[in-house]
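Here is a model to question.

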Amino acid sequence: INRAAEKYVLSRDLTELNKTLDYRVQEATREIFELNEKLKRKIVELRENNTQQIHFLEDMSHEFKTPLAVIWGYCSYWLTQPRKDWSTIKFQKSLENMNRNAQRLQLLVEELLDSARLASHKISLRKETFSIQEAIQETVEALQLQFEEKNILVKTECPKDTFSLTADRHRLQQVLTNLLTNAIKFTPPKGVITVAAQDEDSNI
């Protein structure tokens with residue numbers, strides 16, 4: 001009887017141990033599966049981020065390359081010309097084009113710095129009162145070369161009376177630059193881009 005009782009107790013304990021072991025194995029398997037799924041998602045996320053970074057660098061390289069090529073081209077040309085020609089109207093126009101492209105490079109650098117500031121939550125606004133017509137005209141002139149490359153006509157439509165805006169002028173011109181850059185990208189050659197501004201109930 002005692003032996004039978006001992007066997008029963010041992011059998012019961014083994015059964016409980018087996019159940020506990022099975023449960024722990026199932027829990028460990030589930031945790032391993034969840035970790036594996038998280039790892040897969042992380043790998044996909046890292047690949048997507050890497051692809052986005054590559055595309056971003058490719059886009060920025062192209063954006064930098066265009067104005068640099070223009071500045072380099074004008075510099076190379078005029079360095080081979082007699083100094084007496086440096087006072088001509090053609091030379092002055094070349095300087096204006098180089099200045100516009102230098103401004104374009106400056107905007108690109110500012111955009112990169114702004115991306116870093118946004119990531120670190122350090123971006124700030126500097127408000128001032130300025131003419132919206134002048135801000136639009138300056139932005140259009142800075143992108144003139146890109147308009148000419150695709151033979152695109154740019155029209156600006158602003159009220160005849162000059163009206164002012166109190167905001168961060170640089171940020172506004174960044175927004176206008178991005179909008180116009182996208183417009184250039186999706187406008188066919190010999191197309192028309194219109195930039196319009198209206199004052200409606202103290203809103204522009």
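Q: How many cavities of 30 Å³ or more does the count come to?
A: This is a predicted model, in which local features need pLDDT of at least 70, side-chain atom pairs count only at pLDDT 80 or more, and totals for chains, interfaces and linings use all residues. Residues are numbered from 1 along each chain as its sequence is written, and side-chain values use heavy atoms, with hydrogens and water left out. A cavity is a set of points, on a 1 Å grid over the protein atoms alone, where a 1.4 Å probe fits but cannot get out. At 30 Å³ or more, the count is one cavity.

Q: What space lies in the largest cavity?
A: Grid points are joined across faces, edges and corners, and a volume is the space filled by probe spheres set on the points. For the largest cavity that gives about 40 Å³.

Q: Which elements give two or more residues to the lining of the largest cavity?
A: Lining residues have an atom within 4 Å of a point. Here they are Thr 66, Pro 67, Asn 101, Arg 104, Ala 142, Leu 143, Leu 145 and Gln 146. Helices (H or I, at least four residues) and strands (E, at least two) are DSSP runs, numbered from the N terminus. Those giving two or more residues to this lining are α1, α2 and α4.

Q: Which residues lie nearest the centre of the largest pocket?
A: A pocket is an open set of points with protein on both sides within 12 Å along at least five of seven lines. The largest one holds about 520 Å³ of space. α1 (2–79), α2 (89–119), α4 (144–149) and α5 each supply at least two residues of its lining. The lining has 18 residues, and nearest the centre lie Glu 63, Arg 104, Gln 146, Thr 181 and Lys 185.

Q: Which residues have the most contacts inside the largest nonpolar core?
A: A nonpolar core is a set of buried Ala, Val, Leu, Ile, Met, Phe, Trp, Tyr and Cys residues joined through side-chain atoms within 4.5 Å. Buried means under 20% relative accessible area, exposed over 50%, partly exposed in between (1.4 Å probe, protein chains only). The largest core has 13 residues, and those with the most contacts inside it are Ile 136, Phe 147, Leu 180 and Ile 193.

Q: Is Thr 177 buried or exposed?
A: Thr 177 sits in helix α5 (residues 169–186). Beyond four places in sequence, it is in contact (heavy atoms within 4.5 Å) with Arg 104, Leu 107, Thr 139 and Leu 143. Its side chain also reaches the backbone oxygen of Gln 173 at 2.7 Å. Because its relative accessibility is 2%, Thr 177 counts as buried.

Q: At what distance does a polar contact join the side chains of Arg 169 and Glu 138?
A: Arg 169 is in helix α5, and it is buried, with a relative accessible area of 15%. Its contacts, leaving aside neighbours within four places in sequence, include Arg 126, Phe 130 and Glu 138. A polar contact is a pair of N or O atoms within 3.5 Å; within protein, one must be able to donate a hydrogen and the other to accept it, and residues adjacent in sequence count only if both atoms are side-chain atoms. For Arg 169 and Glu 138 the distance is 2.9 Å.

Q: What is the phi of Lys 190?
A: Lys 190 lies in the loop between α5 and β4. At 68% relative accessibility, Lys 190 is exposed. Lys 190 is not a glycine, yet its phi is positive, at about 65°.

Q: How many disulfides does the structure hold?
A: A disulfide is a pair of cysteine sulfur atoms within 2.5 Å. Cys 75 is partly exposed at 34% relative accessibility, and Cys 158 is partly exposed at 27%. The number of disulfides is zero.
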